[in-house]
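Colleague: Could you walk me through the charged residues in this model, one question at a time?

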Amino acid sequence: MDLDLVFLGTSGSVPTARRGLAGTLLRRGGERILVDCGEGTQRQLLRSSVGLVELPEIFLTHYHADHYLGLPGMLKTFALRGREVPLTVYGPPGLHDLFGILRRVFGRLSYELKLVELRPGDGVGRTDYRIEAFEVEHGVSANGYALVEEPRPGRFDLDEAQRLGVPEGPLFGRLQSGERVELPDGSAVSAEQVLGPPRPGRKVVLAGDTRAADSVREAARDADVLVHEATFSLEERERADETLHATATTAAELAVAAGVRLLALTHLSNRYFGPEIVREARAVFPETVVPKDFDIIDVRFPERGGPRLVKGGALGRHEEGEPHDKDGSGDRGGRSGGGGGDSDDPALGRDPVGARVGRRDASDGAR
Ligand SMILES: [Zn+2]
Ligand SMILES: [Zn+2]
């Protein structure tokens, strides 16, 4: 199962010419989950190999403007394309209040919008993974999120299977999925006989904006990837303390204490370019990267080499049309919208501009 992180925006508070505002796309198999949606995120998606796919779920870490101002525009674009797939937005308490205001900006939508408030400790469960909200320290209502996979079946012992007389073929698959199978000679083999102990699944943690906090350290324990902010370098430590942000050093110290495999620092203040942040952090925790916009972290299983940074990995052709979206949740809509690259033209939506949203849409003028 492929699992990766696409960095769409890596700047803190204000965008720079090279870095957009907060937005990270989690891709797992055919699923697409956006975490934060800073101003410009929909265009970053359009410019990336992902395209502006009909995201079914967006998680917000908190309600500072650099983390959500991209939402009204994106929701509006989806509506202009005549989207019908429901969209769920998750966020810490305060989400309903925020949307009370935002609705006046984006008007009526062509699809159902669900809002779900999550408190630290709440989770969203899926068949083989879950997303857990955890506490951070940023002075406002805020969540970090951890994607935690279920343990995987143990390694299949091919030699043992052959020794037991299991013929190569479909029986291998059934044993791997935990079944007990009967052999042609009438004997039986159970999964436990040929499978090693269960192996842990992967864990990816996105802390959002926070100072280096005990709660983050616990949530990030043994994570494959910790995405942590490093708004400042150590020389701005006082500023970081005042504003409840982390420095490259404090984030790296946290990564050491949590035992993570890879630390990805993001949300850089516009006074930094990246190399100074990565240098500072690597002095404490060598396995640190500072992704740029459109970089990818490929979260490989440990036996496949573990997580790695793929520079510019999301630049290039759109993924729409590639046959890897098993459940279609992410990509189907991108195609129906006429392809991510062109869909910023409202004429491609099913309705002429304004037809569906009507007079109430006058609030658009306020943008
Ligand atoms: Zn921020
Ligand atoms: Zn913030």
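Modeller: Welcome! This is a predicted model, where local features need pLDDT of at least 70, side-chain atom pairs count only at pLDDT 80 or more, and totals for chains, interfaces and linings use all residues. Residues are numbered from 1 along each chain as its sequence is written, chains are lettered from A and ligands numbered from 1 in the order in which they are written, and side-chain values use heavy atoms, with hydrogens and water left out.

Colleague: How many salt bridges does a search of the whole structure find?

Modeller: Side chains of opposite charge can pair when their charged atoms come close. A salt bridge here is a side-chain nitrogen of Lys or Arg within 4 Å of a carboxyl oxygen of Asp or Glu. Searching the whole structure by that rule gives a total of 19.

Colleague: Which residue meets Arg 202 in a salt bridge, N to O at 2.9 Å?

Modeller: Arg 202 counts as buried, at 2% relative accessibility (buried means under 20% relative accessible area, exposed over 50%, partly exposed in between, with a 1.4 Å probe and protein chains only). The partner's name is Glu 149.

Colleague: Is Glu 303, the partner of Arg 152 in a salt bridge, buried or partly exposed?

Modeller: The two side chains meet at 2.8 Å, N to O, and link parts of the chain 151 residues apart. Arg 152 is buried, at 14%. Glu 303 has 38% relative accessibility, so it counts as partly exposed.

Technical notes
Helix = DSSP H or I, 4+ residues; strand = E, 2+ residues; numbered from the N terminus.
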